[in-house]
Amino acid sequence: MEQSIDVYPEQKGLGGMWKRINQQGKMTTLLLFLPPALFLFTLFVILPLGEASIYSLYKWNGIGELDNFIGLKNYERVAGHSVFSSAVVNTLKIVGVSLFIQLPLAMICALCVYQKKWSNTVFRMMFFLPYILAEVVAGLIWRFIYDGNYGLISSFTEFFGLEPIFVLADRGLAFTAILVVIVWKYFGFHMMIFIAALQGISKDLIEAAKIDGASTLQTTLLIKIPLVRHAIVLSVFFSVLGALQLFDLIMPMTQGGPGHTSHSIVSYLYTFGISRMHIGFGSAIGVILFIACVIFAFIYQNTFMNNKAGGKS
Amino acid sequence: MKSSVLSDWKRLCFLMAVTGFVMLPLLATVLGGFKSIGELQTNPLGLPQSWEFQHYASILLDKQLWVAMKNSLIMSLTTLALTLLGGAMAAFTFSHIRFVGKRYIYSYFMLGMMFPFATGILPLFIKIKDMGLLDSYMGVIVPQVAFGLAMAILLFRSFFEQLPAELFDAAAVDGCGYSRFFFEIVLPLSTPILATVGVFVLVTSWNNYLLPLVVINNPDLYPWTLGIMQFQGEHAIAWNKVLAYVSVSVVPSVMFFVVAQKYIIAGLTGGAVKG
Amino acid sequence: MAKVEFHQVHKKYDHTAHIVKGIDLTIDEGEFVVLLGPSGCGKSTTLRMIAGLESISDGQITIGDRVVNDLEPKERDIAMVFQSYALYPHLSVEQNIGFGLRISGEDKATIRRKVADVAEILELTPLLKRKPAALSGGQRQRVAMGRAMVRTPSVFLFDEPLSNLDAKLRGSMRSEIRQMHERMKRTTVYVTHDQVEAMTLADKVIIMNQGHIAQIGSPREVFAHPNSKFVASFIGSPTMNFIDVQIAVADSGQLSVLLGDTQVPIVGDYRGQAGAVSLGIRPGDVYIDEHSGTFEAELLSYELLGASALCCFSLQGQQINAEIDAAIPVKVGQRCRLAFDLEKIHLFDTQTEQAVFTPTNNNMK
């Protein structure tokens with residue numbers, strides 16, 4: 001290669017280097033645009049998480065010095081607490097109901113209304129409506145429905161001449177009642193995800209299947225559903241993470257009662273950690289929840305979402 | 001054209017059943033606000049025999065409701081503005097600027113998608129307390145923004161990356177640097193994604209319950225989600241009043257949904273499915 | 001007004017891809033230069049280095065008398081028309097054209113006047129308030145040109161500006177670009193992979209291949225005297241035939257081409273060795289001549305093009321195309337005698353693929 005002559009004559013030194021790096025204000029922009037988000041995110045999302053794992057090793061009420069180090073005692077107490085076990089079981093129930101009732105319901109609805117028609121749009125909007133309501137509102141509405149004296153349930157019992165049932169005060173029924181509300185509130189969201197995916201299927205494929213002699217049912221089971229696999233994978237992901245983090249619905253309906261039988265993990269955290277100011281104990285619950293989420297997300301993404309954008313750059 | 005699993009009338013029956021499941025509770029709620037307690041007991045679902053407007057009237061005249069709505073609105077709109085701006089600016093650096101460690105910083109943000117809000121709630125509470133932000137709008141707004149950033153950055157980045165690269169070249173030739181390109185070209189072209197992200201941020205913030213519950217103790221600063229719970233606590237047995245309150249408080253969400261449904265659905269289709 | 005000079009310019013990406021491999025080049029003031037080459041040859045990268053959209057890995061580029069290596073695009077006094085036009089979709093035609101002026105801080109009245117002038121020339125005046133989405137392909141193209149013209153830069157850059165247009169529009173836009181150059185007399189660098197554009201527009205064609213400059217010359221020169229087999233095959237449609245032949249040099253110095261048993265004497269300046277070479281001849285320079293044709297060949301296929309027809313012959317086992325008058329009646333399978341226009345043959349070294357022969361009668365220099 002030939003020697004180049006007087007390269008960059010006027011661009012030597014630090015100023016020149018800065019100018020070269022800062023072409024079109026690249027660095028200035030980077031230094032102005034990125035740090036605010038980075039700072040906020042670190043301070044309010046990442047740091048609290050780290051602090052939670054530290055607090056979880058102490059017995060602390062949030063006031064005074066953080067000096068009562070008790071090692072993993074908080075974790076032992078959480079693990080040994082029967083209410084925590086029931087909260088975990090409840091969470092698993094939510095996952096089960098989400099996967100085996102909510103998602104199939106959402107899929108059937110999606111198959112019924114995914115085509116672009118005026119009437120379908122109306123159904124879609126109605127089914128989606130509960131999703132946009134605040135959880136507390138949904139909780140209150142259903143608390144009324146379940147009310148043994150006033151609600152819909154009461155009109156049934158009255159109609160059949162039965163004793164009034166107080167669903168939410170019944171240890172055996174309270175959490176089942178909450179499960180119904182979960183389906184009611186969230187199936188529309190999953191339906192929308194499925195609809196979007198179904199609308200993305202090329203019409204040619206459906207027509208090809210028809211020409212190949214597939215029945216409507218066969219087309220659905222063998223063509224449409226496999227082709228929206230990515231949406232199902234995503235829905236399952238959201239369902240499980242949502243179940244792990246459920247809180248807002250529980251509070252207006254049962255506040256975890258009766259007898260702490262209807263807690264979710266987060267309502268358990270709130271009741272026993274936050275409202276009693278057991279910072280260490282609550283943090284331990286939070287950390288357990290976090291680990292559960294991360295393990296699930298990690299395994300799930302690596303198993304089902306390999307080449308998808310979920311969290312990868 | 002036959003194209004669903006079920007034949008047409010079966011399909012319609014099914015849809016009507018689901019519609020009943022979804023809508024009856026809502027219908028009962030709205031109508032319940034017009035009934036007397038006694039009627040509510042005997043006739044929870046049907047039309048009221050005598051329409052009692054005073055429950056709705058008293059709710060609408062209740063200053064507390066409007067204060068709570070105002071509080072929610074201030075917190076949601078501020079959250080919205082800050083999340084959109086902060087998220088879009090950060091996403092722009094990921095989509096258009098090459099820098100060392102970009103991949104790691106991006107992944108770092110994406111971690112935020114997986115973190116349950118509840119995990120950090122106690123340390124967050126301590127932090128907000130230490131910063132003196134308890135019982136202030138900012139105490140709710142700032143953490144909301146921080147938690148909204150991950151999704152905003154994800155959606156913005158993929159949108160920005162799909163903008164034609166030649167636009168940036170053309171702007172460079174026109175003498176337009178990175179910052180100006182962002183504000184003059186990228187943002188105006190990003191209205192669809194701004195709207196989509198905006199709608200989700202707004203709805204999440206508007207409906208947020210746990211964070212204000214922890215941060216705000218002063219009833220004058222209550223957002224409507226806390227207000228409604230307080231009202232319910234005060235009028236536990238007066239279901240007709242509670243139902244009227246619920247119905248009224250739902251109106252903004254429903255109105256917003258009708259107006260913004262296009263973007264909500266775009267968010268689910270474009271963002272959620274890909275994200 | 002400026003001259004553009006390249007001095008040993010390289011472009012590398014990371015450590016893997018070496019896109020431009022040491023280019024030396026001078027583009028004179030006011031000249032219309034076309035960078036031509038197959039995709040991936042580095043022509044667009046070269047253009048983008050002039051624009052300042054790609055950094056220069058090594059070497060030096062000057063515009064006028066300034067080294068521009070580290071200057072930003074806006075400091076280089078250039079304007080560019082992009083393949084996809086790159087119009088700002090949210091701005092009107094008027095705002096699009098005036099955008100650069102606004103960025104550089106011109107006052108509104110000046111901008112309006114300049115934009116109006118350019119719009120007048122390009123017949124865009126009725127469209128000024130429209131958004132790009134409401135324009136046809138040709139109109140968008142003109143807006144993109146207007147955006148470049150309004151800034152009266154010293155160098156115009158075009159990156160395959162016509163490739164998104166249909167064939168008919170392409171023809172008329174070609175002449176508009178040519179007219180614009182006539183009017184403004186600015187140095188222009190134009191990238192394309194379409195040789196027709198290169199032939200019709202260029203003062204000077206630069207043919208690039210795999211990061212190197214293969215040949216620089218006027219359109220006529222590169223067509224008539226390709227200096228390598230690559231240029232010969234790249235320029236001209238239908239493509240040049242290449243057949244393997246032997247060169248014999250008699251004691252008298254007489255050159256002849258040997259193809260099987262046939263020997264044909266040729267006259268010219270031969271710079272290679274006796275032995276195997278690749279003979280190139282354009283299909284238009286091959287004739288059917290039953291009387292004096294020297295090569296016997298069998299017609300394999302016949303494609304009617306209109307006034308002429310493209311015939312594919314088998315010539316001693318090698319295929320050769322001839323573009324002949326459509327009026328000549330021939331049948332597939334028929335044996336014909338072919339003649340070559342010996343003043344238009346090219347010989348290429350089989351190893352280096354460089355041209356090694358200049359026929360005497362066609363000596364231009």
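How far apart do the C-alpha centres of domain 1 of chain A and domain 2 of chain A lie? They lie 38 Å apart, with domain bounds taken from an automatic or database domain assignment. This is a predicted model, in which local features need pLDDT of at least 70, side-chain atom pairs count only at pLDDT 80 or more, and totals for chains, interfaces and linings use all residues. Residues are numbered from 1 along each chain as its sequence is written, while chains are lettered from A and ligands numbered from 1 in the order in which they are written.

**Domains of chain A**

- Domain 1 covers 13–55 and domain 2 covers 76–304.
- Their contact (C-beta atoms, placed from the backbone, within 7 Å) takes 4 residues from domain 1 and 6 residues from domain 2.
- On the domain 1 side, 3 of these residues are nonpolar, 1 is polar and none is charged. Here Ala, Val, Leu, Ile, Met, Phe, Trp, Tyr, Cys and Pro count as nonpolar, Asp, Glu, Lys and Arg as charged, and the others, Gly among them, as polar.

**Where chains A and B meet**

- Chain A gives 83 residues to this contact and chain B gives 85 residues.
- Helix α2 (residues 26–55) of chain A supplies the largest share of the chain A side, 18 residues. Helices (H or I, at least four residues) and strands (E, at least two) are DSSP runs, numbered from the N terminus.
- By class, the chain A side has 58 nonpolar, 20 polar and 5 charged residues.

**The largest nonpolar core**

- This core has 279 residues, and A:A110 and A:F194 have the most contacts inside it. A nonpolar core is a set of buried Ala, Val, Leu, Ile, Met, Phe, Trp, Tyr and Cys residues joined through C-beta atoms within 7 Å; buried means that 20 or more other C-beta atoms lie within 10 Å of a residue's own.
- Leaving out residues up to four places away in sequence, A:F194 touches A:A106, A:M107, A:A110, A:V228 and A:A231.

**A sheet in chain C**

- An open sheet is formed by 6 strands in the order β6-β7-β8-β3-β9-β10, with mixed pairing; strands pair if DSSP finds at least two bridges between them.
- β6 (78–81) and β10 (212–217) stand at the edges with a single partner strand each, so one side of each has no neighbour in the sheet.
- Strand β9 (residues 204–209) pairs with β10 in the antiparallel sense over 5 bridges, and the bridge partner of C:M208 in β10 is C:I213.

Key. A residue is buried if 20 or more other C-beta atoms lie within 10 Å of its own, exposed if 12 or fewer, and partly exposed in between; C-beta atoms are placed from the backbone. Two residues are in contact if their C-beta atoms, placed from the backbone, lie within 7 Å.
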